Amino acid sequence: MARSGDTLHMGADRLTFLATAADTDGAYLEVEVDYASAAHMPPAHYHPKQTELFRVQSGQINVRLEGTLHTYGAGAEFHIPPGVAHSMWNDGPERARMTWRVTPAYRTEQLFETLWGLAGEGRLRPDGTPFLQMPLLALGFRDEYRAVTGRPHAVDMALSTLLAPVGLACGYRPTYRPPQRAEQSRSAA
């Protein structure tokens, strides 16, 4: 379980927990992210029950909201309501840093640990998804995160339900903690 001050790494990117679900009684999760310049746009996704609020502290961030590109610079604030498909990345020459609040928190900490951990270890496909683990993630985090696949959500859930046993049989789980995070938690106990 993440604690305020814990930091996740994905290549040159960093995510630091500022306020966890435990700190806010589940009302929200707030993190600070520091993105290096990226040449590609990550996969589009949406949050079916959560609102996201972003405050850009430095640099600039590109956000594709339901197909429309927006660019936000230092001092900008924007929010993404539940159900709105989006993707964001930094394609500027300098690092981009922003705070990011997700309301309500749900299990977003575990989602971040899982996705950032898998990506940081190179366990994702080129499109940003973990192949056999994806059905488990889709089922385990269906309230927090949904990838935009072009199929109806009910079809994705049916496919995930059929494929999840294969992923489990191959040793995958619906959550993942990077070894350094698991090690930090043991030493803190």
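Good morning. In this talk, a residue is called buried when its relative accessible area is under 20%, exposed when over 50%, and partly exposed in between, with a 1.4 Å probe and protein chains only as cover. The structure is a predicted model, in which local features need pLDDT of at least 70 and side-chain atom pairs count only at pLDDT 80 or more, while totals for chains, interfaces and linings use all residues. Residues are numbered from 1 along each chain as its sequence is written, and side-chain values use heavy atoms, leaving out hydrogens and water.

I begin with the protein as a whole. Of its 189 residues, 41% count as buried. The protein contains four helices and eleven strands; these are DSSP runs numbered from the N terminus, with helices being H or I of at least four residues and strands E of at least two. Contact here means heavy atoms within 4.5 Å. Among contacts between residues at least 6 apart in sequence, 67% join residues at least 24 apart.

Let us turn to E109. This residue is placed in helix α1, residues 108-120. Is E109 buried or exposed? E109 counts as buried, because its relative accessibility is 5%. Leaving aside residues up to four places away in sequence, E109 touches M1, A2, F17, T20, A21, A22 and L29. For A21, the backbone nitrogen lies 2.5 Å from a polar atom of the E109 side chain.

Beyond residues up to four places away in sequence, E66 touches G83, V84 and A85.

Next comes strand β8, residues 77-80. Which residues form its covered face? They are F78 and I80, whereas E77 and H79 make up the uncovered one. Strand β8 pairs with β5 (residues 51-58) in the antiparallel sense over four bridges; strands pair if DSSP finds at least two bridges between them. One of the residues involved is R55, whose bridge partner in β8 is E77.

Finally, I come to L163. This residue lies in helix α3, residues 153-169. At 42% relative accessibility, L163 is therefore partly exposed.

Thank you for your attention.

How values were computed. Polar contact = N/O pair within 3.5 Å; in protein donor to acceptor, adjacent residues only side chain to side chain.
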